[in-house]
Amino acid sequence: MKILISGASVAGPALAYFLHRDGHRVTVVERAPALRQSGWAIDFRGAVFKVLEELDILSEVRAHATGMTGTDVLDADGDKIDELPADVFSGELEVPKRDLTRILHAHTADAVRYVFGDSINRIEQDDSGVRVGFERADPESYDLVVGADGIYSVVRRLVFGPHAEAVHHLGLSGAGFSTANHLGLDHRGALWQQAPGRRAYLYSAADPDRMSVGFFFPTDSPALDLLGRAEQERALREHLAGGGWIVPRLLADMADASDFYFFSAAQVRIDHWSAGRVVLLGDAGYCASPTSGLGTSQALIGASTLARHLAQTGGDHTRAFEDYEWEMRPYVTENQERGRTGAERFAE
Ligand SMILES: Cc1cc2nc3c(=O)[nH]c(=O)nc-3n(C[C@H](O)[C@H](O)[C@H](O)COP(=O)(O)OP(=O)(O)OC[C@H]3O[C@@H](n4cnc5c(N)ncnc54)[C@H](O)[C@@H]3O)c2cc1C
């Protein structure tokens with residue numbers, strides 16, 4: 001079959017690998033002009049290790065492990081009050097997301113056609129196929145289209161309905177960036193500062209001269225995600241104003257950070273993950289929120305499960321999509337519950 005995947009981060013390239021292996025012709029279209037260099041680290045837990053083996057990238061992924069060995073918990077003044085074992089924040093294995101994305105892309109680049117700097121803007125389907133329009137390229141027809149384009153998926157919006165109906169904000173937002181490692185952190189110790197109404201997480205992994213900073217604060221304003229950096233920084237300053245310890249210095253560093261990113265704890269909850277020849281995968285279909293710590297595992301397990309059902313049903317996409325959802329739903333429901341309780345804890 002000729003299959004189009006929207007999104008070249010985690011879920012998209014992983015699915016592309018499996019579909020090419022099973023004899024399909026695959027194109028991946030990515031809106032960003034090049035592979036994204038997302039600043040945060042992602043962790044792996046549980047059943048996903050089997051998928052990393054299936055993808056034949058486990059040892060390469062392990063080579064990029066952050067190797068964090070634990071976290072010191074600090075109070076509002078920066079005094080240590082507790083310690084957490086490494087798996088709380090870093091799972092069983094943790095790597096910078098950009099390394100995982102790069103590995104998956106390199107692993108598939110020879111077999112799969114990647115188109116960067118473009119986006120789907122129209123989808124029409126009937127019994128025989130899907131006609132897809134693009135912002136830049138000419139329209140083209142495919143047998144199947146997969147939306148692996150994240151929480152604000154264009155495929156979901158065009159086929160399943162507006163973002164407002166699918167994306168549920170969990171009352172927590174945050175931002176991340178890197179700065180000079182002026183605390184001299186190393187992989188032996190991350191820092192987690194808990195103060196009423198805000199959290200800060202600091203660690204240094206790959207580059208000893210740099211420190212990654214994450215801020216979290218409670219907010220009921222989902223629209224912040226879609227605003228520009230200036231408004232997002234202003235919201236952060238408002239919520240973190242009066243923060244003790246080194247928070248003022250970190251806020252000053254934030255203004256100069258070239259790798260600033262903003263995120264919200266949000267979930268995608270929709271009744272069906274497929275409609276005709278179009279199916280959703282990973283965050284696009286069932287984001288569990290960063291506070292679940294399981295979004296990457298879900299994306300990779302989802303890719304493997306979807307490809308397996310397409311192979312098992314001999315390309316009967318209707319049955320394959322139903323079986324994929326039937327198998328994945330309970331796992332996703334559990335992860336979303338975990339994402340909700342995680343967001344509540346972070347927002348205290
Ligand atoms: C701060 C933070 C920390 C996190 N920590 C963890 C963690 O510790 N453990 C964990 O498991 N997960 C974590 N996650 C979640 C994890 O990053 C996601 O669940 C995972 O990346 C989902 O992968 P995906 O491929 O489905 O979507 P994404 O990684 O969101 O990728 C979507 C891709 O689609 C592209 N795209 C978007 N729109 C279009 C379009 N119109 N056309 C074409 N392409 C498009 C995007 O550019 C992107 O490349 C974290 C997330 C955040 C924000």
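I count two residues as in contact if their C-beta atoms, placed from the backbone, lie within 7 Å. The model is predicted, so I take local features only at pLDDT of at least 70 and side-chain atom pairs only at pLDDT 80 or more, while totals for chains, interfaces and linings use all residues. Residues are numbered from 1 along each chain as its sequence is written.

**Ser6**

I looked up the contacts of Ser6, leaving out residues up to four places away in sequence: Val29, Ile120, Val146, Gly147, Ala148, Asp149, Val154 and Val155. Ser6 lies in strand S1, residues 2–6; helices (H or I, at least four residues) and strands (E, at least two) are DSSP runs numbered from the N terminus.

Is Ser6 buried or exposed? I call a residue buried with 20 or more other C-beta atoms within 10 Å of its own, exposed with 12 or fewer, and partly exposed in between, the C-beta atoms being placed from the backbone. Ser6 is buried because it has 30 C-beta neighbours inside 10 Å.

I also checked Leu280, which is 274 residues from Ser6 along the chain; their C-alpha atoms are 9.6 Å apart.

**Whole chain**

I find 12 helices and 18 strands. The C-alpha atoms fill a box of roughly 65 × 40 × 35 Å along the principal axes. The radius of gyration, taken over C-alpha atoms, is compared with a globule rule of 2.2 Å times the number of residues to the power 0.38. The chain has 20 Å, which agrees with the value near 20 Å for a compact globule of 348 residues. Buried residues are 44% of the 348. Of the contacts between residues at least 6 apart in sequence, 68% join residues at least 24 apart.

**Helix H11**

I count 15 of its 18 residues as buried. Gly314 follows H11 and has a positive phi, near 60°.

**Ligand shell**

Of the 33 residues around the ligand, Gly7, Ser9, Gly150, Gly282 and Gly295 come nearest.

Which element gives the most to this shell? H11 does, with four residues. H1 (11–21), S2 (25–30), S3 (41–44) and H10 (283–286), like H11, each supply at least two.

Terms used: Near = placed C-beta within 6 Å.
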